[in-house]
Amino acid sequence: METVENIINQVSGLVWGLPLIILLVGTGLYLTIRLTFFSFQQLPYALSLVFKKGDTKSKGDITHFQALMTALAATVGTGNIAGVASAVAVGGPGAVFWMWITAFVGMATKYSEAILGVHYRVKNEKGEMSGGPMYYIEKGLKMKWLAVIFAGFAAVAAFGIGNMVQSHEAAGVASQNFNIPVWVTGLFLAVLVGLVIIGGIRSIGKVVGVVVPVMIIFYVGAGLLIVLMNVADVPSAFGLIFTDAFTGQAVAGGAVGAVIQQGVARGIFSNEAGLGTGGIAAAAAKTDLPARQALVSMTQVFIDTIIVCTITGLALVMSQMYLRADEFDSSAQLTSAAFEQFLPGFGGYIVAIALLFFVFSTIIGWSYFGEKCFTYLFGGKASMPYRIVFVIALFVGAVVSLDIVWGFADVMNGLMAFPNLVALLLLSGVVVNETKKFKKKRQEEREQARQVG
């Protein structure tokens with residue numbers, strides 16, 4: 001088993017080497033510049049769209065809001081609690097800064113994924129919308145072989161980032177805080193998730209539309225309480241994050257590269273910008289223009305990383321708990337201990353409860369992503385077998401080695417990113433054209449509003 005772990009870790013190191021980091025950040029930066037910083041300019045409007053009444057007349061299966069919640073469900077998970085803790089423990093406080101950078105350029109990446117997902121979406125044999133990198137690679141680039149490669153990596157990746165990682169971390173925290181055996185947590189998750197995903201995307205959209213907002217408010221609210229109670233320590237915490245990002249003093253030997261690698265890798269693990277999942281979720285939305293849904297989808301990166309991950313990062317840095325990482329069996333337990341230090345008696349329970357909600361929603365979201373990729377490869381009849389195997393894997397993930405789970409997830413994430421990033425770069429002209437259409441439509445809407453007013 002140790003040999004398997006070593007092999008996986010070595011492969012993960014190769015996949016998440018400098019080339020992929022440059023490609024991820026570089027693609028986001030390129031798209032940000034080519035779109036003339038459109039993602040930054042439209043962020044307030046994009047956030048307002050989240051809370052407006054959804055489009056009910058256009059083609060699609062779920063509303064803007066439900067599509068965003070499905071994307072958030074898949075991304076707000078262990079990456080926000082365990083992933084941040086792992087990044088800070090290995091890369092130091094400066095890793096948080098590089099997570100922010102990944103998020104800021106990642107908004108343009110996620111926006112582009114969503115535009116292409118809606119633009120090239122198709123209706124399947126069940127009458128549901130299907131879209132994502134496999135479709136825009138096949139239809140936009142005419143590269144069926146590359147689409148198949150992406151779908152294969154993504155279908156398998158769902159068992160890592162969206163399945164076993166989630167159940168493993170949940171089982172660890174439930175065991176630490178509630179003395180629940182890991183196998184019991186795994187079985188409970190398997191049954192609960194199975195009941196939801198059998199109903200397909202409409203069922204998923206309804207569930208996450210309720211669960212996701214509640215869980216984010218619950219966790220962020222507790223984090224803000226910690227910040228307010230220790231507001232005097234906040235400036236120094238931010239200062240340490242910024243200085244360590246360029247010095248790497250918290251890492252053995254002052255390795256700035258390790259800080260950047262951890263920040264980028266865990267940032268992508270958290271918000272998934274560049275993996276292509278944003279296009280899969282957006283394709284199901286009812287929307288009149290691809291760009292309008294893309295703006296809604298883009299806010300997922302902001303909410304996930306700039307808000308939720310920052311809360312976790314501040315708690316870890318202010319508590320200095322990251323310096324004691326060797327004392328804990330899992331990264332989630334590290335975050336739990338940081339919250340417990342500031343909120344004695346119930347801080348650990350807050351993280352445990354939040355993580356259980358995060359895990360549940362992430363698994364549901366990724367079950368949809370993985371299934372869409374699997375059915376792309378093998379047809380609609382393959383959906384139910386995939387769901388069954390997916391549910392069984394939840395139990396397995398709860399009881400296997402942590403290193404194998406994290407390493408497997410990292411490898412699959414990196415492999416599915418490559419074909420998607422290539423497609424984003426080559427199809428950036430389509431993104432620009434759709435953005436121009438939206439700008440024209442938006443101008444017409446403003447003029448109509450002025451006339452009515």
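**View 1. Val396 in helix α19 of the predicted model.** Val396 lies within helix α19, which spans residues 383-399. Its relative accessibility is 36%, so Val396 counts as partly exposed. The C-alpha atoms of Val396 and Leu72 stand 24 Å apart in space, and 324 residues separate the two in sequence.

**View 2. Crossing of helices α8 and α18.** Two packed helices are described by the angle between their axes and the distance between the axes. Here, helix α8 covers residues 133-141 and helix α18 covers residues 347-378. Their axes come within 10 Å and cross at roughly 40°. Because of this angle, α8 is oblique to α18.

**View 3. Residues at the contact of α8 with α18.** Helix α8 contributes Met134, Tyr135 and Glu138. From helix α18, the residues in contact are Lys372, Cys373 and Tyr376. Classified by residue type, this contact has four nonpolar and two charged residues, with no polar residue. Cys373, one of the α18 residues in the contact, has a relative accessible area of 0% and is therefore buried, the cut-off being under 20%.

**View 4. Cysteines Cys309 and Cys373.** Cys309 has a relative accessible area of 2%, which means that Cys309 is buried. Cys373 is likewise buried, at 0%. A disulfide is a covalent bond between the sulfur atoms of two cysteines. The structure holds zero disulfides.

Terms used:
Residues are numbered from 1 along each chain as its sequence is written. This is a predicted model: local features need pLDDT of at least 70, side-chain atom pairs count only at pLDDT 80 or more; totals for chains, interfaces and linings use all residues. Side-chain values use heavy atoms; hydrogens and water are left out. Helices (H or I, at least four residues) and strands (E, at least two) are DSSP runs, numbered from the N terminus. Buried means under 20% relative accessible area, exposed over 50%, partly exposed in between (1.4 Å probe, protein chains only). Axes are lines fitted to C-alpha atoms, for helices over the stretch in contact, and angles run from 0 to 180 degrees between N-to-C directions. Angles under 35 degrees count as roughly parallel, over 145 as roughly antiparallel, 65 to 115 as roughly perpendicular and the rest as oblique. Contact means heavy atoms within 4.5 Å. Ala, Val, Leu, Ile, Met, Phe, Trp, Tyr, Cys and Pro count as nonpolar, Asp, Glu, Lys and Arg as charged, and the others, Gly among them, as polar. A disulfide is a pair of cysteine sulfur atoms within 2.5 Å.
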